[in-house]
Amino acid sequence: MSLTARFLLGFAVVATVGLFVLFTQLIHRVERQYFEAIEEPMVDVANILAEVIAADADNGVLKPQAVEQAVRAAQQRQLNAQIYNLSKTHVDMQVYVTDAQGRVLFDSAGIEQPGTISNHRDVNLTLMGEYGARSSRSSEYDPLSIVMYVGAPIQHEGRTIGMLSVAKPQRGVLGFVWETERWLKWSIITTVMLMLLGIYLAARWATRPLEVLTQHALAVSRGERSTSPRMPGHQMKTLAKALEDMRDALEGREYVEHYVQSLTHELKSPVAAILGAGEILQGDVPEPKRTRFLQNIRSEAGRLRDLLERLLHLAAIEKQKKLETNETVDLTSVLDRSWDHLALVALGKEVRIERDIVPGLTTQGDPWLLELAVGNLLQNAIDFAPKGSVITVRGYQFDAQVVLEIEDSGPGIPDYASTRVFERFYSLPRPDSGKKSTGLGLCFVKEVAQLHGGSVELTNREGVAGAKAMLILPA
């Protein structure tokens with residue numbers, strides 16, 4: 001699981017649990033607040049109406065006719081009250097009155113018949129001098145049929161002679177509650193989604209440096225050239241530097257071990273040849289043979305010098321993580337200088353060059369390194385080209401890249417060597433002499449190409465004999 005997914009999952013779990021608890025508490029509180037807001041004015045109304053009836057009492061005898069007429073008249077009214085989303089068209093408050101024994105004297109809802117004894121909680125508690133209130137369903141199958149009752153004592157000369165109860169259906173109130181619940185639910189869901197989006201973007205922003213650093217580490221592990229990315233913050237910069245230092249230490253150790261082994265192997269042959277020729281020359285050797293052995297010593301010494309020079313060039317470029325010189329380079333001029341250095345070698349093999357290069361073909365980079373790279377490709381082509389043949393060089397731009405193609409008409413690349421030609425110290429025998437080169441030239445070209453953000457390819461020509469090298473660089 002990615003770090004971003006961990007952030008999201010952790011936040012989602014915590015936010016969901018926290019907001020669920022908050023939602024539950026809010027709904028409970030909202031419902032309670034609505035009922036409190038309804039019940040409080042009902043207490044006032046009940047006590048006011050109780051006083052109206054008490055004022056009409058005659059020697060302790062209740063006369064609820066005035067309240068009954070007022071309630072029924074109010075219920076006949078047509079209202080046009082718009083209370084937010086609720087349209088109120090009639091009075092739905094009910095009133096019933098009992099005497100001191102709980103006998104019903106009047107019930108505007110018609111539920112309790114006059115003369116019957118009411119044993120409801122609001123009646124009993126009110127007649128006992130306590131606060132009497134209750135909530136009951138008018139239909140057990142309808143959850144919206146809840147009716148709230150609030151009682152008030154009717155007193156005359158200091159004694160309770162009856163009670164009055166105000167009833168308010170809660171259908172409209174529950175509608176308010178459920179609408180608020182729905183609003184809260186969608187508000188919380190929207191908030192959670194926005195918070196998840198925010199934490200996702202924040203997590204991506206926070207983990208992006210780690211992702212970049214991971215890609216850099218993977219590229220290094222694959223042996224690719226990858227410059228150390230710029231990291232934000234002290235901790236990330238320290239981590240990037242530590243990773244780069246570790247990379248340098250490991251590469252340096254592996255580099256030394258590999259080169260010591262490879263160089264030892266490559267030096268054995270010329271050193272053995274020089275030692276053998278030297279031992280022979282210590283004896284009495286005829287002049288023709290002496291000349292041949294001396295020529296052999298010079299040839300092997302030259303091979304050693306060439307090996308060491310190329311090895312120094314390759315070691316220097318492999319240590320570079322970025323170009324130290326970065327300027328506009330004309331590839332035609334690079335080709336001219338490279339060919340001039342090899343003119344005598346090409347003349348000795350009677351090899352000539354044909355060019356087909358688009359004018360103004362340029363790239364950004366180090367002209368000296370590019371000259372060495374092109375020179376190595378030309379040297380390789382000359383080595384394998386038959387005597388008196390032609391080396392063709394083409395240069396063109398393709399999309400955002402410039403390409404140099406160098407073709408010879410030699411024997412081409414054997415199948416077994418096609419995947420190894422860019423390895424250090426790997427070389428094929430030259431057709432005319434059977435000797436091998438240092439095996440560092442193509443490896444050097446590959447390093448130069450990668451350092452410039454490009455690549456190099458070496459394949460066989462299609463349909464004809466010979467090999468084709470392609471140096472691809474950013475335009």
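Reader: Okay, so two strands pair if DSSP finds at least two bridges between them. Over how many bridges do β8 and β10 pair, and in which sense?

Author: β8, residues 327–330, and β10 pair over 4 bridges, and the sense is antiparallel. Keep in mind that this is a predicted model.

Reader: Noted. What stands opposite D330 in β10?

Author: That's T362.

Reader: And which β10 side chains are buried?

Author: T363 and G365 are.

Reader: Switching to the inside. How many residues are in the largest nonpolar core, and which have the most contacts there?

Author: The largest nonpolar core has 44 residues. L378, I391, V393, L458 and L471 have the most contacts inside it.

Reader: Which elements give two or more residues to this core?

Author: There are helices α7 (331–341), α9 (367–384) and α10 (441–451), plus strands β9 (352–357), β11 (390–398), β12 (401–407), β13 (455–460) and β14 (467–474). α9 gives the largest share, 9 residues. As a general point, nonpolar side chains in soluble globular proteins tend to be buried together.

Reader: Let's zoom in on L378. What does L378 touch?

Author: Skipping residues up to four places away in sequence, L378 touches L335, S338, W339, L342, I353, I391, V393 and I406. Two of those, I391 and V393, are also among the residues with the most contacts inside the core.

Reader: What's in the second core?

Author: The second core is separate and has 21 residues, including L62, A133, A152 and L164.

Reader: Now the surface. Which residues make the nonpolar surface patch?

Author: L9, V13, V17, F20 and V21 make a nonpolar patch of about 470 Å². F20 is in helix α1, residues 3–56.

Reader: Is F20 buried or exposed?

Author: Exposed, because its relative accessibility is 55% and the cut-off for exposed is over 50%.

Reader: Where do E157 and D399 lie?

Author: E157 is in the loop between β6 (146–156) and β7 (159–169). D399 is in the loop between β11 and β12. Relative accessibility is 70% for E157, so E157 counts as exposed, and D399 counts as exposed because its value is 64%.

Reader: Okay, salt bridges. How many are there in the whole structure?

Author: The search finds 12. In general, side chains of opposite charge can pair when their charged atoms come close.

Reader: Start with K168. Which side chain does K168 meet in a salt bridge?

Author: D92, at 2.7 Å from N to O. This pair links distant parts of the chain, 76 residues apart: K168 is in strand β7, and D92 is in the loop between β2 (86–88) and β3 (94–99). K168 counts as buried because its relative accessible area is 15%, whereas D92, at 21%, is partly exposed.

Reader: And D122, which partner does that one have?

Author: D122 meets R134 in a salt bridge, 2.7 Å from N to O. D122 is in helix α3 and R134 in strand β5, 12 residues apart. D122 is buried at 0% relative accessibility, and R134 is buried at 12%.

Reader: What does E371 pair with?

Author: R337, with the closest N and O atoms 2.8 Å apart. That joins helix α9 to helix α7 across 34 residues of chain. E371 is buried at 15%, while R337 is partly exposed at 33%.

Reader: Which residues are linked in a network of salt bridges?

Author: R394, E405, E407 and R461.

Reader: Last one: where is F422 found, and what is F422 in contact with?

Author: F422 is in the loop between β12 and α10. Leaving aside neighbours within four places in sequence, its contacts are L442, C443, K446, V456, E457 and L458. F422 and K446 are 24 residues apart along the chain, with their C-alpha atoms separated by 7.1 Å.

Conventions: Residues numbered from 1 in each chain as written. Predicted model: local features only at pLDDT ≥ 70, side-chain atom pairs only at ≥ 80, totals over all residues. Heavy atoms only, no water. Core = buried A, V, L, I, M, F, W, Y, C linked by side-chain atoms within 4.5 Å. Buried < 20%, exposed > 50% of the residue type's maximum accessible area, 1.4 Å probe, protein only. Contact = heavy atoms within 4.5 Å. Patch = residues over 30% accessible without salt bridge, like charges linked within 9 Å, V, L, I, M, F, W, Y side chains within 5 Å. Areas by Shrake-Rupley, 256 points an atom, 1.4 Å probe, with all protein chains shown as cover. Salt bridge = Lys/Arg side-chain N within 4 Å of Asp/Glu carboxyl O.
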